[in-house]
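Please look through the sequence and the model below before reading on. The report that follows is meant to be read beside them.

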Amino acid sequence: MADLDDSLDARISFGCPVGVQVILRAAWRHDVAALKPLLDAPGKASCRDPETGETPLHAAIRSMGPKAKDDDGSSEAEAAATKTIENLLFGGAIWNDVDANNETPGCVAWRLNQKGLYDEMVRAGARAEMLFAILDGYEELESDGEEDEDQDADEEEDEARDEEMGEAKAEEEDAQEAEEEDAAGAVSGPVDAEQTPYLESRLTLNNGKLVDAAGNGVMMDWETDIMRRSVEAMLGPADAAAPVKEKRVLNIGFGLGIIDSMIAARQPARHHIIEAHPEVLARIDAASKNPEAAGDDHAAEFGAAWEASGEGIDGNEGAFKVHRGRWQDICPKLLAEGELYDAIYFDTFGEDYSELRRFFTDYIPGLLDDSGVFGFFNGLGADRRVCYDVYTRVVEMHLSEAGLDVAWQDVDVPLAEDGLDTAGAGAWEGILRPYWTLDKYRLPVCTFMG
Ligand SMILES: C[S@@+](CC[C@H](N)C(=O)[O-])C[C@H]1O[C@@H](n2cnc3c(N)ncnc32)[C@H](O)[C@@H]1O
């Protein structure tokens, strides 16, 4: 990243409305006494400079300047900044507003090595996202009429505030909302609650990348090491060739078949796969009929012959099976049939985080054996460190509500070596937007509490 100018003069533009300037300056000085009365109406704590996108949270953190790498202490200035941040958050400041440098307040804190303030922003993000999840649930209960009335009232309030705080506010807020939904939602890639566009999208498989019609990376082979470590976490850390003949395994989301190939190599007693995309399913059928043409596509390992090879292996029908459809439709049937697994892995695409949460809340208790292990691809918010850290906390709390403990294993992601350090180049060539930017993957190993 080019050197950024963190001076106050650079952050408050010529055209910044006076009302916004006054708030930004008070936040910059950590002058809580002056700031508090200025936050007397909705939207004021989240006001922003129309050009630089500076918000009071950015200002309160930025004014601290860089902290030396070996400085672990907390100063009086840091205490004042923390108090300012608390007041802003209490006044409705938004934790993940992005400025014109594409930084949230948490990103600024991380860049300046202000670890204490960074942690403050992570806690704020987790609180906001937990609340967001709760309110999202309540909204579903509202009638259409009520929703419309609320929306009208919100719009009137927004208009009044925009007049006071400057014209650019509305546009920026829309962009912010989109960004917030993006960060909040992605299980792996862009969000779509109904999922229809993705499931109807044409897919291409090229150079170890499965890509949808819009250019989003559905699955890429740089994730192979993460898949290997996930299999070891679920089926034991033994040498990958050690058979686990008594284990029953369910994998949701076939993609490139990387994890399924590794699971099959461990020779489980039962191996079920759920896959919804018709083209992925067609690839499995075609590749398994003509393995030579399939080259190194793992899909060739999982056709009708594989399913037939499982007959009678554990004394039950259908030991090896690709269940064709969405997990939302298949899992209720598996429950009704009394299927139970020792290991369950979840890695879908194009679904909202609330779907992953629904899966572990509604289905893990019925489908996972008491001593079983649940894992999932932890790509939540992985295009921004602060979002990743916030989502680690959020998912931990939701897992705990579902009766699950989670232990995290750190896995190194060698960004430069894997060609992941430049958008549009290396591994990201031909991919719309990098969905991974971090040098450590946090691998979840979930088990029942107690
Ligand atoms: C990221 S890929 C899985 C990659 C896999 N872990 C591997 O090792 O190759 C996600 C897969 O989930 C599938 N998928 C998406 N939504 C689904 C749903 N609701 N039910 C079942 N499969 C789904 C996609 O079609 C895609 O094949």
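What follows is a report on the confidence, strands, charged pairs and selected residues of this model.

## Basis and confidence

This is a predicted model, in which local features need pLDDT of at least 70 and side-chain atom pairs count only at pLDDT 80 or more, whereas totals for chains, interfaces and linings use all residues. Residues are numbered from 1 along each chain as its sequence is written, and side-chain values use heavy atoms, with hydrogens and water left out.

The pLDDT, the predictor's confidence in each residue on a scale from 0 to 100, averages 88 for the protein, and 85% of the residues score at least 70. Over residues 160–164 the pLDDT stays under 50, and the model has eight contacts (heavy atoms within 4.5 Å) for them beyond four places in sequence. Residues 166–193 also have a pLDDT below 50, although in the model this stretch has 74 contacts beyond near neighbours in sequence. Where pLDDT is low, the predicted coordinates should not be read in detail.

## Overall composition

The protein has 18 helices and ten strands, taken as DSSP runs numbered from the N terminus (helices H or I with at least four residues, strands E with at least two). Of its 450 residues, 50% count as buried, where buried means under 20% relative accessible area, exposed over 50% and partly exposed in between, with a 1.4 Å probe and protein chains only. Among contacts between residues at least 6 apart in sequence, 74% join residues at least 24 apart.

## The antiparallel sheet

Three strands form an open sheet in the order β1-β2-β3, with antiparallel pairing; two strands pair if DSSP finds at least two bridges between them. Strands β1 (204–206) and β3 (217–220) stand at the edges with a single partner strand each, so one side of each is left without a neighbour in the sheet. On average, neighbouring strands of this sheet are turned by 15 degrees against each other, direction ignored, with axes being lines fitted to C-alpha atoms (for helices over the stretch in contact) and angles running from 0 to 180 degrees between N-to-C directions.

Three bridges pair β1 with β2 (residues 209–211) in the antiparallel sense, and L205 stands opposite L210 in β2. L210 counts as buried at 2% relative accessibility, and its contacts beyond four places in sequence include L203, V218, L256 and R283. The C-alpha atoms of L210 and M220 are separated by 6.3 Å, although the two are ten residues apart along the chain. In the loop between β1 and β2 lies N207, which has a positive phi of about 50 degrees although it is not a glycine and counts as exposed at 66% relative accessibility.

## Strand β7 and its partners

All six of the six residues of β7 (residues 341–346) are buried, so this strand is largely enclosed by the rest of the structure. Strand β4 (residues 248–252) runs parallel to β7 and is joined to it by four bridges, with V249 opposite A343. Five bridges join β7 to β8 (residues 368–376), again in parallel, and the bridge partner of A343 in β8 is V373.

## Charged side chains

The structure holds 28 salt bridges, each a side-chain nitrogen of Lys or Arg within 4 Å of a carboxyl oxygen of Asp or Glu. One of them joins E54 and R11, at 2.7 Å from N to O; E54 lies in the loop between α3 and α4 (56–62) and R11 in helix α1 (residues 8–11), so the pair ties together parts that are 43 residues apart in sequence. E54 also forms a salt bridge with R62, the closest N and O atoms being 2.6 Å apart, and both E54 and R62 are buried. These residues belong to a network of salt bridges that links D6, R11, E54, R62, D99, E103 and R111.

A further salt bridge joins R202 and E279 at 2.5 Å, N to O. R202 counts as exposed at 61% relative accessibility, while E279 counts as partly exposed at 22%.

In helix α12 (residues 258–265) lies D260, which is buried yet has no salt bridge, the nearest side chain of opposite charge, R283, being 9.1 Å away; here Lys and Arg count as positive and Asp and Glu as negative, while His and the chain ends are not counted. Beyond four places in sequence, D260 touches N251, G253, F254, H271, I273 and F302.
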